[in-house]
Amino acid sequence: MIIGGSASQDLAAHVARELGEEIRYVETRKFPDGERYLRIDGAIPEEVTVIQSTGYPQDENLMELLFIIANLKDLGAKKVRAVVPYMGYARQEKRFNPGETISAKIIANLIVSAGADEFITFNIHEECVLNFFSIDAQNVSAMPAIAGYINKKYIKKEKNDPIIIAPDKGAYGFAREMAEIIGCDCTYLSKVRLGPDKVETRIVDVRCEGGDESTVNVDAVKGKNAFIIDDIIATGGTIVNAINILKQYGAKTVDVCCVHPILTNNGATRIYEAGADKIIGTNSLSSDTSRVSLAQSIADVLRK
Ligand code: R5P
């Protein structure tokens with residue numbers, strides 16, 4: 001049985017359809033004072049999968065997830081899988097400054113304490129967050145879904161000359177994974193310190209493992225259809241910077257892909273304004289850009 005929380009209704013319905021499983025509705029509303037009411041009607045089977053992202057409004061969505069898990073356990077479920085395609089608070093996985101709350105650890109503890117037996121997420125910001133879960137925790141890659149989508153929808157149809165770009169070294173693994181699937185080149189942008197007060201972002205050599213960050217490969221993107229890939233787009237600052245560089249170095253078109261389209265603070269507008277043709281996100285979070293469905297990927301993981 002599949003249950004979709006308010007934040008992941010379409011995804012849950014598509015996963016259930018994909019697996020031929022029952023989808024069960026959750027009745028949830030607010031009391032006049034703002035507190036949450038939640039009810040799951042009908043008999044509860046032994047195994048249940050709950051699908052609920054915990055993006056904005058994070059606290060609301062998280063509380064609903066915890067209520068669903070704890071209620072299912074209380075109503076007799078033996079095994080509850082929590083599929084949280086986007087895990088909110090995962091970016092604070094350590095104390096960057098003394099005294100800070102390690103939010104990701106607290107959220108992991110809450111999900112486990114609520115009664116989850118398994119946790120599944122997509123492209124979590126830092127893999128080490130999985131260690132905060134004392135239950136089986138899996139990090140699934142959305143790259144096959146994203147690469148498959150752009151390959152079918154644009155690259156093959158428009159017969160273009162693609163290159164996959166990571167906007168920083170941290171995202172290079174995503175670019176490599178996508179390039180491998182599509183069968184094209186990839187590279188990453190690197191920040192180079194040229195002097196005490198001068199920093200420049202550069203294109204590192206194509207397929208140059210580790211890269212020679214002291215030289216700019218001016219021809220890497222010239223005339224190419226560049227597809228930028230990142231895990232998260234929040235304010236869009238990282239991507240706008242990348243678009244500007246790719247345009248400067250002669251990219252023919254620039255499209256932007258990501259797993260989690262948070263797109264806050266007019267992020268999407270700024271990305272289009274910088275010259276991107278399309279923003280292609282997944283439905284880990286619901287937005288205008290959520291074009292790639294993770295339903296098949298989730299169904300594949302659940303089948304295993
Ligand atoms: C950073 O390490 C992440 O991979 C993203 O690049 C970052 O979260 C994007 O943030 P923004 O869109 O605000 O630049």
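Keep in mind that the model is predicted.

**Where the ligand sits**
- You'll find the ligand in the second largest pocket.
- The residues around the ligand are R91 and H125, plus D230, D231, I232, I233, A234, T235, G236, G237 and T238.
- Two elements, strand 12 and helix 6 (237-248), each supply at least two residues of that shell.

- From D230, an N or O atom of the side chain comes 2.5 Å from an oxygen atom of the ligand.
- G236 uses its backbone instead: an N or O atom there is 2.8 Å from a ligand oxygen.
- G237 also brings in its backbone, with a polar atom 3.5 Å from an oxygen atom of the ligand.
- As for cover, the ligand taken alone exposes 370 Å², and the protein buries 77% of that.

**A look at N225**
- N225 has a relative accessibility of 6%, so it counts as buried, the cut-off being under 20%.
- A polar atom in the side chain of N225 lies 2.9 Å from the backbone nitrogen of D161.
- Leaving aside residues up to four places away in sequence, N225 touches N160, D161, P162 and I163, along with K252 and T253.

Note on methods:
Residues are numbered from 1 along each chain as its sequence is written. This is a predicted model: local features need pLDDT of at least 70, side-chain atom pairs count only at pLDDT 80 or more; totals for chains, interfaces and linings use all residues. Side-chain values use heavy atoms; hydrogens and water are left out. Buried means under 20% relative accessible area, exposed over 50%, partly exposed in between (1.4 Å probe, protein chains only). A polar contact is a pair of N or O atoms within 3.5 Å; within protein, one must be able to donate a hydrogen and the other to accept it, and residues adjacent in sequence count only if both atoms are side-chain atoms. Contact means heavy atoms within 4.5 Å. A residue is near a molecule or strand if one of its heavy atoms lies within 4 Å of it. Accessible areas come from the Shrake-Rupley method with a 1.4 Å probe; for residues, only the protein chains shown count as cover. On a 1 Å grid over the protein atoms alone, a cavity is a set of points where a 1.4 Å probe fits but cannot get out, and a pocket is an open set with protein on both sides within 12 Å along at least five of seven lines; lining residues have an atom within 4 Å of a point. A molecule sits in a cavity or pocket if more than half of its atoms lie within 2 Å of its grid points. Helices (H or I, at least four residues) and strands (E, at least two) are DSSP runs, numbered from the N terminus.
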